[in-house]
Amino acid sequence: MKSGLYARLVLACAILLSVLLTGLGIVLGQFFPLFAGNTDLTIQHHYWLYLITVLVVAFLISLFVAARMMLQYAKPIDEITRIAVRIAEGDYLARTRMNGPEYDNELSIAINKIASNLQEMSLLRTMENERLKTLVESMGSGLLMFGRGGTVNLVNGVLEKTFGLSKKSIMGMTYKEIGLPPVVETLIDDVFMTEQVHESQVQLDGENSTAYVSVYGAPVIGRHGNWLGIVVVMHDITKLIRLEKVRKDFVANVSHELRTPVTSIKGFTETLLEGAMDDPAVMKMFLGIIQKESDRLHLLIDDLLALSGMESEGFTLQYATVDMKDVIDDALSAVSRNLEQKKMKTITNIPGHITIEGDIVRLVQVMVNLLTNAINYSSENKTITISVTDANERIRIEISDEGIGIEHLELPRLFERFYRVDRARSRDSGGTGLGLAIVKHLIESHNGTVDVESEIGVGTTFQIHLPKKQDY
Ligand SMILES: Nc1ncnc2c1ncn2[C@@H]1O[C@H](COP(=O)(O)OP(=O)(O)O)[C@@H](O)[C@H]1O
Ligand SMILES: [Mg+2]
C-alpha cells in the first residue's frame, strides 16, 4: 500500500527542518571565528558540540510539534481515503469514524452519506432482482430471452422442464443450437427478421404423450427505441386442447344420438302418410315404433339436461340426513316394472339404519341408474344384490349383478359420456349412454368415489364410497 498523506507530510517536514537547521548551523558556524579567533582547540570543539546538540534538539522538538499538528489534519484524511477505497470496492457498509473533533468535517460526512445511499441503492437492486427472479420462475409459462446477437441470456425453470434443457448448458447458445422444435425456431427467425410479434400453437410429440404449447415471440425494445433482443413465452395448453376435444366429441355424440331416433320417427311418419296408415295393423306397429323412438328421445334430452344442470355454476346438493334404506326402497320401486318384466330378484343387505348426509333425490337417481344397468345387462331370472356397510367415516354401497359382465379393457372408459361397450345392445335396452356419467358426477359431488369390478359372463359389481358427514 502507498504510504499515507500523514507519513509523507511528516517526512517532508523532517527534510525541510533538517535543511533549515543545517543552514542555520552553517550560518552560525561562520560567526565563530569572529569572536574566538585565538581560543584553543578544545573550546572550539565544545562550541561545535553545543551548537550541533542545540540544533538536533531544536530539530526534534519542532518535528514533534509539527507531527502533532499534522496528526490532527492529515490523519483523518488518511482514514477517510481508506474508507473511500473500500466503498469503491463495493463494501457499502464501510463508514468513517465520527468520534473525535478531527473527524467532524464535511468530507467525512459526505463520504458516509454516499456510502449509505449506495447501500440503499444496492439493497433496492437486490430486492428488485429477487422480485424479477421470483416472477420469472413462478409465472407458470416457459420464458426464453435472446440478446441482440441471438444468444440466450435468460431462461426459466418451466422452459427447462418443458424441453428437458438445462439452464447452464444453453446460456450463451444461439437459438439454432439449443435444439428447439423447428416450428419454434422458425417463429424466432420471423421475430428477428420482422421485429414484430408472432404467435403460434405447437404440437410436441413425446414418447408416450403429446403436449400442446402456445408460443409467443416478441421483440424487446428499450426505452429509447433501441432493439435489445427478443423474448419467447411458451404456455402449456394441453389441458385446454383436451377439453376442447372432449367438447367437440360431446357435440358430435349428442348430434348423432339425437339424429338416430329423429330419422326413425321421420321415416315411419312419412311411410304412414304415404299410404301405410290405411292398413290398421301396419299403422299400429309403426306408431308403436314412433312411440318407442320418442321415448328414447325424451330420455336422452332428460339425461342431457340433468348432466348440464349438474355441470352449471349454481348446481348445489340439498343436503339432509338420509337413511340409506329409504334410498334403496325408492330406487327399487322405480325399477320394479323392469324387474318384473325380466323376472329378476333382488337381495338387500342393510344392517339396521345407516344414515348419511346427502341429497336423497340425487342418491335415488344414482341407484336407479345402476339398477337399470344391472337389469338391462343381465338375462332373465338373475339376482341383483345390494349391500350397504359401515366403514368408519364412510359407508360402502355395493350393487352386484349376475349379468354379461364387462371386458377388463373397457372399464377405464366406462364412466365417459356416451361410452358404451356394445352400442347396438345398449340402444336396444333403451340406454342413453349417459347413465354412468351422471352416476360419477353425482357421487363426486357428494365427495364420494365409484369403482367397478367385472368378469365376463359372471357379473359386475359397482362399489360406491360416500362420506357420512359433508363439510360445507
Ligand atoms: N351392470 C352392467 N353390466 C354390464 N355392462 C354394463 C353394466 N353397466 C354398464 N355397462 C356398460 O357400460 C355402458 C355405459 O353405461 P351407461 O352409462 O349406463 O349407458 P347405457 O346404459 O345407456 O348404455 C353400457 O352401455 C354397458 O356397455
Ligand atoms: Mg345405463
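Trainee: How many nonpolar, polar and charged residues does the lining of the second largest pocket have?

Mentor: This is a predicted model, where local features need pLDDT of at least 70, side-chain atom pairs count only at pLDDT 80 or more, and totals for chains, interfaces and linings use all residues; side-chain values use heavy atoms, leaving out hydrogens and water. Residues are numbered from 1 along each chain as its sequence is written, while chains are lettered from A and ligands numbered from 1 in the order in which they are written. Ala, Val, Leu, Ile, Met, Phe, Trp, Tyr, Cys and Pro count as nonpolar, Asp, Glu, Lys and Arg as charged, and the others, Gly among them, as polar. By that scheme the lining has nine nonpolar, three polar and 10 charged residues.

Trainee: How much space lies in the second largest pocket?

Mentor: On a 1 Å grid over the protein atoms alone, a pocket is an open set of points with protein on both sides within 12 Å along at least five of seven lines, and lining residues have an atom within 4 Å of a point. Points are joined across faces, edges and corners, and a volume is the space filled by probe spheres set on them. For the second largest pocket this gives about 590 Å³.

Trainee: Which element gives the largest share of its lining?

Mentor: Helices (H or I, at least four residues) and strands (E, at least two) are DSSP runs, numbered from the N terminus. The lining has 22 residues, with Val246, Asp249, Arg413, Glu416 and Arg417 nearest the centre. Strand E4 (210-221), H7, H8 and H13 give two or more residues each. The largest share, seven residues, comes from H7.

Trainee: Which domains each give at least three residues to the lining of the largest pocket?

Mentor: Domain bounds come from an automatic or database domain assignment. The largest pocket holds about 1200 Å³, and H11 gives the most to its lining, with nine residues. At least three lining residues come from each of domain 3 (243-311) and domain 4 (320-467).

Trainee: Which residues line the largest cavity?

Mentor: A cavity is a set of grid points where a 1.4 Å probe fits but cannot get out. The search of the whole structure finds one of 30 Å³ or more, and the largest has a volume of about 40 Å³. Helix H7 (238-273) and helix H8 (280-311) each supply at least two lining residues. The lining consists of Glu257, Pro261, Arg296, Leu297, Leu300, Gly431 and Thr432.
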